[in-house]
Amino acid sequence: ALLQLVYGCWKGSAEFGFAPRPLPPGEAGVVSGGQSRHLWTDAIGVMNFCTEAARCAEAGDAIGRRDALRAGEGLAECLTKVLGQPSSHDV
């Protein structure tokens with residue numbers, strides 16, 4: 001429930017893809033495109049998606065495992081896209 005609250009609906013992400021919800025204003029700097037990310041918050045989020053995938057695997061839930069892994073991958077991709085770019089053209 002916490003992952004969904006912070007990142008938005010991720011169930012079904014293996015089939016439909018996953019784009020995390022932007023963090024609230026003031027939580028992190030906003031870059032072009034309006035997306036805001038915070039390295040430590042999202043790094044822990046990726047680990048939580050991996051943990052959820054492991055729990056699903058233990059329970060025999062292959063679809064839940066795929067969804068959680070895809071959501072973690074999508075979060076890591078978004079984080080790299082947003083924070084892997086200079087926030088100013090002066091850099």
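This is a predicted model: local features need pLDDT of at least 70, side-chain atom pairs count only at pLDDT 80 or more; totals for chains, interfaces and linings use all residues.
Visitor: How far apart are the end C-alpha atoms of H3?

Guide: H3 has 20 residues, and at 1.5 Å a residue these should span 28 Å. The distance found in the model agrees with that expectation. The end C-alpha atoms of H3 are separated by 29 Å.

Visitor: Which residue takes a positive phi just after H3?

Guide: H3 covers residues 39-58. Just after this helix, a positive phi of about 80 degrees is taken by Gly60.

Visitor: Why are the buried residues of H4 placed on the same side, and what arc do they cover?

Guide: The buried residues of H4 are Gly64, Asp67, Ala68, Ala71, Gly72, Gly74, Leu75, Cys78, Leu79 and Val82. They are on the same side of H4 because the arc they cover around the axis is only 160 degrees.

Visitor: How many disulfides does a search of the whole structure find?

Guide: Cys78 is buried, with a relative accessible area of 13%. Cys50, at 37% relative accessibility, counts as partly exposed. For disulfides, the search of the whole structure gives a count of zero.

Visitor: How are the rings of Trp10 and Phe49 arranged?

Guide: A pair of aromatic rings is described by the distance of the centres and the angle of the planes. By the pairing rule there are three aromatic pairs in the model. For Trp10 and Phe49, the centres are 5.3 Å apart and the planes are at 75 degrees, so the arrangement is edge-to-face.

Visitor: How many residues apart are Trp10 and Phe49, and where does each lie?

Guide: Trp10 is buried, with a relative accessible area of 5%, and Phe49 counts as buried at 0%. Trp10 lies in the loop between H1 and H2 and Phe49 in helix H3, so that distant parts of the chain are linked by a pair whose separation is 39 residues.

Visitor: Which residues form one aromatic cluster?

Guide: Phe18 and Phe49 also form an edge-to-face pair, 5.9 Å centre to centre and with 70 degrees between the planes. Because Phe18 lies in the loop between H2 and H3 and Phe49 in helix H3, this pair ties together parts that are 31 residues apart in sequence. Both Phe18 and Phe49 are buried. The members of the one aromatic cluster are Tyr7, Trp10, Phe18 and Phe49.

Visitor: How far apart in space are Gly17 and Asp67, C-alpha to C-alpha?

Guide: Gly17 lies in the loop between H2 and H3 and counts as partly exposed at 34% relative accessibility. Leaving aside neighbours within four places in sequence, Gly17 is in contact with Gly12 and Arg70. Gly17 and Asp67 are 50 residues apart in sequence, and their C-alpha to C-alpha distance in space is 8.9 Å.

Technical notes. Residues are numbered from 1 along each chain as its sequence is written. Side-chain values use heavy atoms; hydrogens and water are left out. Buried means under 20% relative accessible area, exposed over 50%, partly exposed in between (1.4 Å probe, protein chains only). Helices (H or I, at least four residues) and strands (E, at least two) are DSSP runs, numbered from the N terminus. The arc is that of the directions from the helix axis to the C-beta atoms. Contact means heavy atoms within 4.5 Å. A disulfide is a pair of cysteine sulfur atoms within 2.5 Å. The expected span of a helix is 1.5 Å times one less than its number of residues. Rings of Phe, Tyr and Trp (its six-membered ring) pair if their centres lie within 6.5 Å; planes under 30 degrees apart count as stacked, over 60 as edge-to-face and the rest as tilted.
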